[in-house]
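Morning, everyone. Please have the sequence and the model open while I talk. I'll keep this brisk.

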Amino acid sequence: MSSDTLAKTSSAPGIPEYADSLRIVPRRRLGQWTAAVAVLVLLGLAVNSVLRNDAFQWDVVANYFTTDAVLRGLWLTLWLTAVVMTLGFVLGALLAAARLSANPVLRSVSWGYVWLFRSIPILVQLLLWFNIGALYPHILGVRTVDLLGPVTVAVIGLTLHEAAYAAEVVRGGILSVDRGQIEAAQALGLSRWRRWWRIVLPQAMRSIVPPAGNMLIGTLKGTSIVSVIAVQDLLYSVQLVYHRTYQVIPLLMVATVWYTVVTSVLGVGQHYLEKRYARGSERTR
């Protein structure tokens, strides 16, 4: 049998013989490429305006970027973020457990806590705690103004606020675990503690880590609000400097760059933590 005959017999019915010689041309996406070029041009103009604008005073930014006052404020911001997130998630986990409890009193109290602290703006909460002495001049025989300093007020106010959101994050993560997993663990005779530690928690972390990472970054930036009660965090530290030197824009850029650096590092850590807990999942990429 000739090669031509083989080619004809191997071709599918209804397909022309010259189909094999046709070249596939990708679809032209003129609109997408035009939009991409326009975005790059605008981005380049924006970056150029920032770098070449003398009003930013980048030399002043470089001079103050690693000064002792700024680094002390940065350290307090990082410390405050770590303490608030740790205490907030501990309290949030307890609230989530109470919300999932069969006890109606615990469920109601947990729901009420979350509703109350998510309803009141964080600035209002901080100001209320800062002025708590007007309501309770003495606590345990000690004057309130001596017991609750600005940093203590910041820790209490931010922790109670974050705990309400952490409770919902933890509760959502636990509810995301398939009930069949828990029933299978019960059938194997695992204790309640081992079920939670070995079965529920590892699977719940897949749903907990992404919003928890966002909360961490949000808390880091949200600590800047404590400057209103004279806590010398990063923002308050640069404010003290520009109130003396009147170099407002460059000092604000110092704070902006530091916040950007720290949040970027936290974002990278969140990415790898998500990949770790997503191992074995169908969505792992």
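First, a caution. This is a predicted model. Please keep that in mind throughout.

Now the overall picture. The protein chain has 12 helices and two strands. Follow the sequence and you read α-α-α-α-α-α-β-β-α-α-α-α-α-α. So how much of the chain is buried? Of the 285 residues, 30% are buried. Next, contacts. Take those between residues at least 6 apart in sequence: 75% of them join residues at least 24 apart.

Let's look at one helix pair. Find helix H4, residues 68–99, and helix H10, residues 192–222. Their axes come within 9 Å. They cross at roughly 140 degrees. Is that antiparallel or oblique? Antiparallel would need an angle over 145 degrees. The crossing is at roughly 140 degrees, so H4 is oblique to H10. The crossing of these two helices is right-handed.

Which residues make the contact? From H4 we have Thr77, Leu78, Thr81, Val84, Met85 and Phe89. From H10 we have Ala212, Met215, Leu216, Thr219 and Leu220. Sort the contact of H4 with H10 by class, and you get eight nonpolar residues, three polar ones and no charged ones.

Thr159 is in contact with Val84, Leu87 and Gly88, leaving aside neighbours within four places in sequence. Where is Thr159? Thr159 sits in helix H8. Is Thr159 buried or exposed? Its relative accessibility is 8%, so Thr159 counts as buried.

On to charges. How many salt bridges does a search of the whole structure find? Two. One joins Glu168 to Arg99, with the closest N and O atoms 3.1 Å apart. This pair links distant parts of the chain. Glu168 is in helix H8, residues 150–175, and Arg99 is in helix H4. They are 69 residues apart.

The other salt bridge joins Arg171 and Glu168, at 3.0 Å from N to O. This one is local. Arg171 and Glu168 are three residues apart in helix H8, so about one helical turn separates them. Notice that Glu168 takes part in both pairs. Together, Arg99, Glu168 and Arg171 form a salt-bridge network.

Now some backbone angles. Two residues deserve a look. Gln57 has phi near 50 degrees, a positive value in a residue other than glycine. Where is Gln57? In the loop between helix H2, 30–52, and helix H3, 58–64. Its relative accessibility is 30%, so Gln57 counts as partly exposed.

Ala230 is not a glycine either, yet its phi is positive, at about 65 degrees. Look for Ala230 in the loop between H10 and helix H11, 234–245. Ala230 has 41% relative accessibility, so it counts as partly exposed too.

Last stop: Val265. Val265 is in helix H12, residues 248–277. Buried or exposed? At 56% relative accessibility, Val265 counts as exposed, because the cut-off for exposed is over 50%. Its C-alpha atom is 10.0 Å from that of Ile217. Along the chain, Val265 and Ile217 are 48 residues apart.

To recap: H4 crosses H10 at roughly 140 degrees. Residue Arg99 of H4 also bridges to Glu168 in helix H8.

Definitions and conventions:
Residues numbered from 1 in each chain as written. Predicted model: local features only at pLDDT ≥ 70, side-chain atom pairs only at ≥ 80, totals over all residues. Heavy atoms only, no water. Axes fitted to C-alpha atoms, helices over the stretch in contact; angles between N-to-C directions. Helix = DSSP H or I, 4+ residues; strand = E, 2+ residues; numbered from the N terminus. Parallel < 35°, antiparallel > 145°, perpendicular 65-115°, else oblique. Left-handed = near helix turned anticlockwise from the far one by under 90°. Contact = heavy atoms within 4.5 Å. Nonpolar A, V, L, I, M, F, W, Y, C, P; charged D, E, K, R; others polar. Salt bridge = Lys/Arg side-chain N within 4 Å of Asp/Glu carboxyl O. Buried < 20%, exposed > 50% of the residue type's maximum accessible area, 1.4 Å probe, protein only.
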